[in-house]
Amino acid sequence: MSDMAAAAFTLRQVHAIARADLRERRRRFSYLATLAGTLYFLYLVHAGNVRLTIHGQRGVYNSAWIGTLMALSVGSLLSLIGFYLVKNTLDGDRRTGVGEILAATPMSRAAYTLGKAMSNFSLLASILALCAVAAGITQLLAREEARLDLVALLLPMAALAAPPVALAAAMAVLFEAIAWLRGSLGNVIFFFLWIGWLSLSAIGPGIDPLGFQLVESSFARQLPAPAGAAAAAAARGGISLNIGPGGPAAPAGAEESAGPKTGSAAAAAKGAGHQAGRPAGQAPRPPLPSGIHWRGIDWTAAVVAPRLGWLGIAFAIALVAALPFSRFDPAREGGKRPRPSRRAAATPPLDPAPAGEPVATPATPATPATSARPETSDAALATGHGRPGSGLERRWTGGRWWQELAAGAPRSRALVLVIAELRLLLRGRGFWWYAAAAGLWIGGLAAPAGQARATLLALAWIWPLPLWSEMGAREARYGTRPLVLSAPLPPGLQTAAAWAAGIGLTALAGSGVGLRLALAGDARGCGAWLAGCLFIPALALALGTLSGSPRLFEVVYLLLWYAGPMSGVAELDYTGATAAARAAGVAWTYPTLAAALFTVAWAARARRER
Amino acid sequence: MLVIDSVDKLYSGGVQALCGFSIDQGPGILGLLGPNGAGKSTLMRILATVTRPTAGRVLWQGHDVVRHPQELRRALGYLPQDFGVYPNLSAREFLAYLAAVKGLAGRRARARVDELLELVNLTAAGRRPLGSFSGGMRQRVGIAQALLNDPRLLIVDEPTAGLDPEERVRFRGLLSDLAGERVVILSTHIVSDVEAVATEIAIIDRGRLVAHGAPEALLRTVEGRVWEWTVASSELAAARQRLVISGTARRGTDVALRVVGEQAPTLSGVSGVAGAAGAAGAALPPSLEDAYLYAIAMARQNRRAA
C-alpha cells in the first residue's frame, strides 16, 4: 500500500469510527437529557442569571457581548461537564465487546483514539451549536441592540469555547486509554486540572485555554479612560462570570465579592445554589453603569494563533492517547484474574477403580453436548471484572451472607444485608488506599478540633469517592440487577441496607474527626458531622440509582465538595466546617435532604421492581 | 498457511492459559474442543492479534503476526465469543462502520453489507436498531461482520451459541461452503457442530494440546472402549464419580450409562456400584463425544501420573 493510499485508508477509518460512535451516542436518551439541561441553561442566560462583568461593568447586549458571554460560560462549564459526559466511549467498546472485534481489524491505534476524540468533540460541539443559535435569540429578545452581527456573535463560540471543549474531548480519550485514570481517580484528577485551567487565566491571555484574559484585555482597551476613584476601583475588578440570580442594583464591582475572579466553580455553584430557591425568571439583568458598546475581540492573527494552538494540543493529546491504549488486549487491561477452581476440572480415571479402593477424583465433568455456554469466559477470567459472571458477581452471589440471609430469622436479615453491602463497598481497594484512609483517620483524631473540622474532614470525605460512587450504580454496571431484583427481599430493604452501609462507611471514614469533635465537646460540629454521614451516601445512592453510572455522583459531589467544604460557601458546606455553615443549620437541612434523596432512590428502585 | 509454534500465555497472577501449544494448519476447518477455561478463547485471541503470546510464535503465510499483525488482520474475519453491538445503530449501519474500519468503502461496502445481510437472513431487519434484536439475530450480525472482508482466515468462537436449530444448520452449511481455500478455526463446546463440519479437530485442556487429527482418527482412538452399562438409579452418583460417562438414559428404575474406559465396567469392578444384575457392559460404536472425553481423561491421567 502506497503512503497516499495508507493515509486515505486511515482517514476513512477515523471518519468511520467518529461517525458510528457519534450516531450511537446521539440516539441515546442521555443525549436528549443533556440537551434538555442545555436548554435550561440557555433559559438562565435569557433570564439574566448568567452574568459577565468586566472591570465591574457589563456591555450593551449586542452580538459581541452576548456571543462572548455565551462562549465563556458554555466553554467553562462544558469543558468540565463535557469531559464527564463523553468519558465513556472506550469503556463502552470494552464492555460490549465491540472493542475485541475492532482489535482484530487493520485499524490503527491512532485512528481509533483520534476517531473517538473527534466523536467526543462533535457531540459537545452540537451543544455549542445549540448555544450559538440561542445567543442570537437572546440578543433579539434583550432588545438592547437590534443589529445582529453574525460574525461577532458566532466567532467567540468557535474561538473561545471550542478549544477548551476540544481539550476536554481529547483528554477524555486519554484518561480512558490509561488504565489507572479510567475510574474515579481520573475523574478527581481532571476536576483539579480544570481548576488549574481557571487559574491559568490569571497568568496571561496566551496560556488561558478558557479565554477569560483575552476578553478582559480586549474590553480594557476599549474602555474610556478612568475618571475618578470609583472608576479606578472598578478597573481593578478584572473579569467575573456568575451563574445565578444577581442583586437588583448591584454596584460596579459588586459581583467580585460573590466569588473568585474569573468565575470559579465555587461562584458557579453558589449561584446555582441560590437559583434553586428562587424563580429564575425573577432575576433582573445586571445594571448597565456605562452603556459601553463593546465591539468584541479584534480577531487578529496574534489572537487567533494561540486559540488554534489549543486545538492543536487537543489533537496531539488524542494522538498521544494511542500510546497507552491497550487495543482491548485483556492481558494489558489490568485487573486480577481469579484462579480456576480446583474442583471444576477434575475427571475420573479411565479405568474403573478396583472395588474397595478409594478414588481421588471426585466428579465427572459435564459432557460438552450439554454445556451450551461456558460459565466464565477467558476474557472475564483475564480481567476479573466488568461482565456478569466475573469476580464481583461471584462475591455478590456466593458469599456466606446469602445462605445466612436465606436461612436467617427475619430480624437478622436486615443486619446481614447491611453487612453484605458494607463488605461490597469496602472490597477491591489496594493496601495503599486503606493506608491513606487510616492516615487521614489518625490525622483527624490528632489535629486540633478546628483544623480537623475545617480541613481533615473534607479530605477524609473525598477519599472514599470511588466507594460511594458504586452505590446504586453497581447493579446496572455489572449486570447483577436481575439477580438482586429476583431475590426474596422485602420491598425497599436492599435500598435501605445500601444506604445504611454507606452511612457506616462515611462514619468510619470520618470517625477520626468525629471523635475529635466529641472529645472537644463541639455539639454543633458533631451535629453537622452526623448530617454529612447521612447526606453523602444518600446522594450517591440516589444519583447512582437514577443514572446507573458512577459518574453523575462523582461530578456533582466534586463540585459540591469544592464549593462547600473547600471554598466555604456556607449553604453547600455539608461538613459544617465553618461557623456560618453551622449557623445556617446544615445539621437540619442536610438530613432532610438525605431523607428526600433516599426516597428518590427507593422510588426509582421500586419502579424497576415493578 | 497458519503455524502456531510452541505458544505460551501467562496472565498476570501466574495463571498459565496456554502452554507449548503447536499446530500447523492448512486450508480447511479446524474444530477446537475443550472444557471451560481450557484456553480456547485465549488461543483465539492470540490468533486474532487481540493479545500477544508470552512465548512462541504464530506465523501467517510466513509472517510473524506479533511483529507484523497487519498482514494477518487484512485477511482476518473474527467472531469473538462475547461480542456486543452498538444498540442504537441499525444492523446496516453497524456493518457499514466495520466495513470502513476493515478498509471497504463506498459502493463496494454497501454491496457487501447487502449481500451479507441476505446471507444471514437479516435483510428485512437491516434497518432496525440492534438493541431490538434477539440474541440469535445479534449472533447472525456477528457472523456477517466476520465475513465482511471475505477473509482468508476465519476465526469463530462459539458461533452457534444462541442460534435456533434451523439457523445452526444453516450456519454449518455456510462454514462448509466457505472453507475451500480458507483456514477456518471453529471453537465450540458443541461436539455435533464440530462433527458436522470440521476437517480436523484439536482438543485442548488446561492450555495444552491433548489430541489433534482428523475426526476419523480420533474416533479410532476409542474403538472398543465405549460401553453401555446399566446401574440402579441410586448408584448413579457413585458411578459418576468413578467412571467417564458420556451419556445416560433412563430404563425404568435403572439408568443405562454410556461409559468410556479401557475395559468393560464390571470386569475390574467399580467401587460402590454393583450394576444391574451384575452384568458386564456391552461394547458400543464410538462417537466423537466419547473420543473427546477419552482424550481429556487420558491427558489428566497422564499428568497425574507424571
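In strand E2 of chain B, B:Leu18 is the bridge partner of B:Lys9. The structure is a predicted model, in which local features need pLDDT of at least 70, side-chain atom pairs count only at pLDDT 80 or more, and totals for chains, interfaces and linings use all residues. Residues are numbered from 1 along each chain as its sequence is written, while chains are lettered from A and ligands numbered from 1 in the order in which they are written.

Strand E1 (residues 2–11) of chain B and E2(B) run antiparallel and are joined by seven bridges. Strands (E, at least two residues) and helices (H or I, at least four) are DSSP runs, numbered from the N terminus. Two strands pair if DSSP finds at least two bridges between them. E1 and E2 belong to an open sheet of four strands in chain B, with the order E2-E1-E4-E5 and antiparallel pairing. Its edges are strand E2 (15–25) and strand E5 (63–64) of chain B, each pairing on one side only. Helix H1 (residues 40–47) of chain B packs on this sheet and touches E1, E2 and strand E4 (55–60). The direction of H1(B) makes about 60° with that of E2(B). Contact requires C-beta atoms, placed from the backbone, to lie within 7 Å. Axes are lines fitted to C-alpha atoms, for helices over the stretch in contact, and angles run from 0 to 180 degrees between N-to-C directions.

A further open sheet of chain B has four strands in the order E12-E13-E11-E14, again with antiparallel pairing. Strand E12 (244–251) and strand E14 (282–283) of chain B are the edge strands. Two bridges link strand E11 (residues 226–232) of chain B to E14(B). B:Glu228 stands opposite B:Ala282 in E14(B). Helix H10 (residues 288–305) of chain B packs on this sheet, touching E11, E12 and strand E13 (254–260). Its direction makes about 135° with that of E12(B).

Overall, chain B holds ten helices and 14 strands. Its C-alpha trace spans about 75 × 45 × 35 Å along the principal axes. Of the 306 residues in chain B, 52% are buried. A residue counts as buried if 20 or more other C-beta atoms lie within 10 Å of its own, exposed if 12 or fewer, and partly exposed in between; C-beta atoms are placed from the backbone. The average pLDDT of chain B, on the predictor's confidence scale from 0 to 100, is 89. The complex has an ipTM of 0.80 and a pTM of 0.76.

In chain A, helix H18 (residues 431–446) and helix H23 (residues 493–519) pack at an angle of about 10°, with axes 7 Å apart. They are therefore roughly parallel to each other, the class for angles under 35 degrees. Contact residues include A:Trp441 of H18(A) and A:Val513 of H23(A). In H24(A), 18 of the 25 residues are buried. A:Gly548 follows H24(A) and has a positive phi, near 70°.

Most residues other than glycine have a negative phi. A:Arg143 has a positive phi, near 60°. A:Arg143 is exposed, with 8 other C-beta atoms within 10 Å. B:Arg206 also has a positive phi, of about 50°. B:Arg206 is buried, with 20 other C-beta atoms within 10 Å.

Terms used
Contact = placed C-beta atoms within 7 Å. Parallel < 35°, antiparallel > 145°, perpendicular 65-115°, else oblique.
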